[in-house]
Every structure is written in C-alpha cells, then in structure tokens.
Amino acid sequence: MKLQLLSLALITTAGMTAATISSPDSKLVVTTDLSGGKPVYSVSYDGKPIIMESPLGFDTNIGDFTKGLTLVGEKTGVVNKSFEQGKIKKSHIDYNANQLIAEYKNAKGQKMSIEWLVSDNDIAFRYLIPAEGDTRSLIIEKEATGYRFPDFTTTFLTPQSDAMIGWKRTKPSYEEHYKADAKMDEPSQYGHGYTFPALFHVGDNGWALLTETGVDGYFCGSRLSDYTDGVYTIAYPMPEENNGNGSANPAIGLPGKTPWRTITVGSTLKPIVETTIPWNVVEPLYTATEPVKPGRGTWSWILWQDPSINYDDQIKYIDFAAAMGYENVLIDNWWDTNIGKDGIAKLARYAQSKGVNLLIWYSSSGWWNDIEQGPTNIMSRPIPRKEEFKWLQSLGIKGIKVDFFGGDKQETMRLYEDILSDANDYGISVIFHGCTMPRGWERMYPNYVGSEAVLASENLVFGQNFCDNAAFNASLHPFIRNAAGCMEFGGTVLNHRLNRGNDGGTTRATSDAFELATAILFQNPVQNFALAPNNLTDAPEAAIEFMKAVPTTWNETVFIDGYPGKYVILARRHADKWYIAGVSANKEPLKLKLDLPMLQKDQMVTVYAEDGKKPLEAKELKIKKPESVAMELNNNGGFIIVADAK
C-alpha cells in the first residue's frame, strides 16, 4: 500500500461559516455552512443539485452538537492512497481526494469536527470528537445527519423489518423486498425506514448511492429513517433487536470518531456500480494469519435441504465438487447431531484426499432468538468459540459460515468483530449469513469473506414468487447491495425444479444463460453455487464447462449498460480474460448495441446464450465493431461473452 496524506492547511474563519470542497476534477462539490447555528451541507454534481441543504450533527448525553454551534476553524488537505485488495470488484485502487476538517464548538464550549473527503464521484464524512476535561466517554442519543433530495427524486430502497419477526424471531436480517422507482413520500413497509445501501435517482441531475463504512465494535450499524419533513435522517438500531439485549445507542470513548457516511454520485450509473469508496477510507485492523482463499463450492442444503445433512450425502457433494474442480463444500446446519464431530473429521480427511476443503456452518445465537439448528451457543462466547476454532484447525478446516444474527446494535457489531478476530488466530476465514451488510469489512478484516444481507437463493426453494421475481432482484443487486460490499448469494441454479430429484418443488423461471450470468454479476470471493450432482448429466454441457472454469475474483469491473430492476450488463476481468454478462427482467426483448471497449475489431470471443427454444450453447463470434456489439436480452434471459484481454 502506498499512502500519502499531505499536511493540512489551517484556514482562519474571520466570521465566515460557509466553505466548499470540490473533487479533484471539480465536478462534485460539497458546501458546508451554519444555518442559525445548525450545521448543514449540500451536494452538487456537474453544476446540478443532488442533495439540498441538509442537517448535520448529533446530540449526546454530555452535550448537543446539532444547534448553537460556532465555527472555530477549518483545515484542508489532500489524500492520495494506493492499495491492493483481492476480495472486491477491483484489485488495485488509487484513491485521490480533497480533504476538509471543519471544527465547531457548541454553546457549552465543547468541540467537535466534521471531516470531509471528496474524490471524483465519492464523498465520505465523519464526526471527530476530542476529549475535554475529565470526560472520556459519551453516548450518542440521536444523530441529525440527513439527506434532502430534490422533490422529483425516486428511490430504490429495501425496508428495515420489525425486530424479532421472521424465522425463529431472527430479524432484522436485511432480507426484505426492494421497490424500484418509488416516490420518496411512500412510507416504508414496517415504519422503521430503510437499510443501507440506498439508491436514489435524482431525475436528469444524476444518481446517488448512500451507505456507511468503517463500522466496527466501537459503533452500531445505522440505517435511514422514513422520509419525514422532506428529509431522510440517520437512525440507530431499535431497542427490541436481539430480543432487547444490548444498547440501541452507540457509546464512544474519547477522543473518538463515528463511522464514515458515504455518498457516491454520478450523472450515470457507472460510478455507482464501480465505486470502491467503502474500502478507500478504511484500513486493515490486523494482519491475516492466512489470507482468504478465493474459490468455488456448493452445498447440499440449498436443494436437498435438512435431510441431506448426513455423512453419505456429504460424500456425494464432496465427489461432485471434485468433479467440478471446486475448492469447497459447505456442510450446513444440524451437522453436530446428524454427523457429529467424528464424522466431520472423517469427511474432512476424505475431502482433503479429493483436493476439496470443508466449510462448516454455525449459528451465532446464544440468547437473542429461537434458533435450535445446531451447533448453537458456540460462536456467541469466547471460550467455546476458541475451543471450536482449535478443533477446526486440527482438522485443516479453514472456513466457517455463521448464521442468524438479527440486529445492528453495537454489541452485535462487536460480536462480528470478535468472531473474525478469534477465527484469524486459527487461520480460519468467515462468511456471515442472516446478518447485516458489510461496512468496509473486506479491507478491515483480512479473513472476512462475505455476507448474505440480501434476499438470497434459499428463498427460491421456499416460494414460487421468489422464482418469478428472480430477474427483477438480480437486476437490482449490482447497482445497490453488491455495489457496496461482497454478497454471499449462493446462486446459479441449473435444476429446473428446485428439489432433490429435479422433479418437484418450485420451478425456476430464469434461463440457463441467466443463471450463468449471475455467477459473474454477483461478486463474492468465495462462491457457493446452488448446483447439484445431477447437473453433471442433466444440465447443458456448455453450462457445466463454464461453471467449471468461472472465477470468483476480479481485477476490474466495468459498468456497460442497464437500469435497476430492468436489466444490467457488467464486464469483469480476471487475469487475462474478460467476462461480460447481462440479465434482463424487462417484459419485452431488448435489442442492444453495446459499447465494449475491452474488445478489439476482428477478435474472436465465446458467447453463451440460448437461441430460441434450443438449449444453451457456447458459440464463437467475431467482433466486427467493439463500439456496437449487437446482443439481445429476453425476459428472464441472459448472456455471457468470454474474451481474452488485450
């Protein structure tokens, strides 16, 4: 990593309260001010308003920093930073931003600062709170930070659920439905606002993606309130989350800081999809004992469900993974009673003989939900957790999946961090499921793999409506959920019927090419695909050969075309190959002319697509005009182009 932080220059205020900070290319502008003693800001892009004058500040148990403020001084600087990150949408990142730190004092003379970082399409800001006198801690009782968009803005949001509802009272778990192009004054489904990330279409002015990053055990996860009096504000967890255990308001040791709030802005969707701001402003918190090993895998539970968690069926899936050349097999819930530790040890040895690693499922629960699927009461406390990690390490198992968290309180964020830190001591990587969204964790925690935090593939088995809406959801995620963090979706289903025999249960509505495309569109360094041993003989040969070779990490990600909820086309590069993938939820066929600058005139590429009712095939195609490549996307359909990099 190369980091250059230029020294800050002090600006004397001389009674002035307004200041502006612009991006290096001068298109993105943040204006800060005091309005009647209240801190406010606004955002414009390319001369057009994106966020109107909106509130800043917070109220604490020791002082109010939302009103009665005066500006003490300002400092400006520049941040230039380069680093490598193998787990996200881009492997090499250059981050260049202008910096402003504005210092304020309230009516009691207490100080706080707001730090702003503005790069070409991204804004990050946070509050800095010094220690004064004998006070060394505070509780933030309410945050005033808000976002006031122009009236014509439409939204792409998913609601925060009620606490303690859903399966075994495990919600909220970021698994609610999205509404596309909704009006801002439409109330949220449960009345608790919306989870991050949140996408806004500001008409002809552009787009904005809101989220947060840098959340660790020193703060809670936040969300957006409902639209009230023309503004969305930051909201903290509900007291009822995690069965009432833990505090709803974050406590900070002084001197301290809040997480970064981030705003990604663009006149098109390209900066939204390609942003790396969640990782640009955070740093690793420790060194990896063993770096995350990217890989492919599958698991029996997604199609064969609970009865498959037995020794013999896991052998079948290990053999299947070996036949696919996959690195992993995930053994899901109930293994502790149905297989036992001795059985897991035998499976681990068998898997290793086949060149396959085991990933092992755990419940996070201890005392905040009704989960009975085992193992339980291990990950929630340090002593049994470390003993379990020691046992896993003795078997050569290097990955776990921890499920059913159900809350964003500070204590819950600390549990995520504690699991990751302890696992790192034993060379174990961690996937989270039934959980909150990651907030810069790919960079902060070197052994973190990814999080579900989305209405993922398991729901396809549970109801036909999920299958029928699969294309709509898939065309949202690259713009919203997966734009802000790794997404452990568990997709790419090649069964037409979602059960063990491929002959019953729900019916897949999407095409084979669509399913292959999601392996590219959905980004996570360890992908557990929803494949089954029968797919070796009943799926198209081209599909199986593609899935044997598909990578899970990316050196570049380029947005090509699309609109959230309708269709999406992305290009991702892995080493010396480009994978260009598209899917559509559009009711009518889309005849597209794609600008694909990563291709060359007369270059031969491989195209995976359906031709009418014919099965999926891999065809060779010569590119005539890279700036105008003709492709057709049907409803519930997709395509992939595989090409050598220039």
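Reader: What should I know about the model itself?

Author: The model is predicted, so local features need pLDDT of at least 70 and side-chain atom pairs count only at pLDDT 80 or more, while totals for chains, interfaces and linings use all residues. Residues are numbered from 1 along each chain as its sequence is written, and side-chain values use heavy atoms, with hydrogens and water left out.

Reader: Why is the pair F405 and F432 called edge-to-face?

Author: A search of the whole structure turns up 36 aromatic pairs. For F405 and F432, the ring centres are 5.3 Å apart and the planes stand at 90 degrees, so this pair is edge-to-face. The rule is that rings of Phe, Tyr and Trp (its six-membered ring) pair if their centres lie within 6.5 Å; planes under 30 degrees apart count as stacked, over 60 as edge-to-face and the rest as tilted.

Reader: Where in the chain do F405 and F432 lie?

Author: They link distant parts of the chain, 27 residues apart: F405 is in the loop between β26 (399-403) and α8 (410-425), and F432 is in strand β27 (residues 429-432). Helices (H or I, at least four residues) and strands (E, at least two) are DSSP runs, numbered from the N terminus.

Reader: Is F405 buried or exposed?

Author: Buried means under 20% relative accessible area, exposed over 50%, and partly exposed in between (1.4 Å probe, protein chains only). F405 has 1%, so it is buried. F432, at 0%, counts as buried as well.

Reader: How do you know that the length of helix α4 agrees with what it should span?

Author: The expected span of a helix is 1.5 Å times one less than its number of residues. Helix α4 (residues 311-324) has 14 residues and should span 20 Å; its end C-alpha atoms are 20 Å apart, so the two agree. Among the buried residues of α4 are I315, Y317 and F320. Just after α4, G325 has a positive phi of about 75 degrees.

Reader: Why is S584 called buried?

Author: Its relative accessibility is 0%, so S584 counts as buried. S584 lies in strand β32 (residues 577-584). Contact means heavy atoms within 4.5 Å, and S584 touches residues including A471, F514 and K566, not counting residues up to four places away in sequence.

Reader: Which strands pair with β24?

Author: Two strands pair if DSSP finds at least two bridges between them. Strand β23 (residues 295-298) is joined to β24 by two bridges and they run parallel, while β24 and strand β25 (residues 357-363) pair in the parallel sense over four bridges.
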